[in-house]
Amino acid sequence: MTGIRLTRRELLALGASSTAGAVASLGPFAAQAATDDIVSREAPVLESTVSMEVNGRPVVLQVDNRSSLLDVLREQLRLTGTKKGCDQGQCGACTILVDGRRINACLTLAVMHEGASVTTIEGLGTVAQPHPLQTAFVKHDGYQCGYCTPGQICSAVGMLDEIGRGMPSFASDDPAATPQTSAHEIRERMSGNICRCGAYPNIVAAIVETSGA
Ligand code: FES
Ligand code: FES
């Protein structure tokens, strides 16, 4: 801080003339102080270098600190399989896996994931070797327009892992018991993934079949 103070009259004078001219009119020492003050206030750190693994490949990214992980995946890495629906955590279209856990990529900043392992729909399977859930979604017609599908499948992968680790849900009758992959449980656990086409029955059927229930 320089301690420089402007009166209301001086502030109006700054607005009425060019900033450079007004600062110069304050005298050499005050002008330097004002310049230092402006420089220090206008030089926040806006970018960071982040290293992570995306779909098994190490990447080093220069990211705007304000960028969501979703925007970085789609716009910098061109991994457009992950969709942006609401951009505020309500639809689940942007669901990906970070260190094996499902998250909404629109609700987290890329800069927060130094060293993370990120998996998107592009990393789950290939056309030649699809993930079992991808195969089941095709078999059961678990989509119509397909916009929600990458998020549904990534979410289902994370959800089945949660069941495998014994995590109860709001629908679990006994939170202490081993959770079941029933349609009732799956509907509750997948409730964060919205499908505007209403393909829910087929989505549940695909997940139930994949879970082996
Ligand atoms: S785009 Fe992230 S939850 Fe909708
Ligand atoms: S298939 Fe269209 S939104 Fe789900």
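1. E3 and strand E5 (residues 117-119) are joined by 2 bridges and run antiparallel. Strands here, like helices, are DSSP runs numbered from the N terminus (helices H or I with at least four residues, strands E with at least two), and two strands count as paired if DSSP finds at least two bridges between them. Within this pairing, Leu97 has Thr119 of E5 as its bridge partner, and Val98 stands opposite Val118 in E5. This is a predicted model, by the way: local features need pLDDT of at least 70, side-chain atom pairs count only at pLDDT 80 or more, and totals for chains, interfaces and linings use all residues. Residues are numbered from 1 along each chain as its sequence is written, chains are lettered from A and ligands numbered from 1 in the order in which they are written, and side-chain values use heavy atoms, with hydrogens and water left out.

2. Now the other neighbour of E3. Strand E3 (residues 95-98) is tied to strand E4 (residues 101-104) by 4 bridges, again antiparallel. Thr95 is partnered with Asn104 of E4, and Leu97 with Arg102 of E4. The two strands make a hairpin with 2 residues between them, and Asp99 in the turn has a positive phi of about 50°.

3. Which way do the E3 side chains point? Thr95 and Leu97 go one way, Ile96 and Val98 the other, and all are buried (under 20% relative accessible area; exposed is over 50%, partly exposed in between, with a 1.4 Å probe and protein chains only). In a regular strand the side chains alternate between the two faces of the sheet.

4. On to the whole sheet. It is open, with 5 strands in the order E2-E1-E5-E3-E4 and mixed pairing. Strand E2 (57-64) and E4 are the edge strands, each pairing on one side only. From one strand to the next the twist averages 40°. Helix H4 (residues 69-76) packs on the sheet, touching strand E1 (47-54), E2, E3 and E5, and its direction makes about 110° with that of E2. H7 also packs on the sheet, touching E3 and E4, at about 45° to the direction of E3. Axes are lines fitted to C-alpha atoms, for helices over the stretch in contact (heavy atoms within 4.5 Å), and angles run from 0 to 180 degrees between N-to-C directions.

5. Helix H6 (residues 132-139) buries Leu133, Gln134, Ala136 and Phe137. They sit on the same side of H6 because they cover an arc of only 165° around the axis (taken from the directions from the helix axis to the C-beta atoms). These residues pack against helix H5 (121-124), helix H7 (149-164) and helix H9 (200-211). The face turned away carries the exposed Pro132, Val138 and Lys139. Just after H6, Asp141 has a positive phi of about 55°.

6. For H9, the buried residues are Ile203, Val204, Ala206 and Ile207. Their arc is only 160° around the axis, so they lie on the same side of H9. They pack against H6, H7 and helix H8 (183-189). Gly212 follows H9 with a positive phi, near 80°.

7. Last, confidence. Mean pLDDT (the predictor's confidence in each residue, from 0 to 100) is 87 for the chain, and 79% of its residues reach 70 or more. Over residues 14-24 pLDDT stays under 50, and the model has 9 contacts beyond four places in sequence for that stretch. Where pLDDT is low, the predicted coordinates should not be read in detail.
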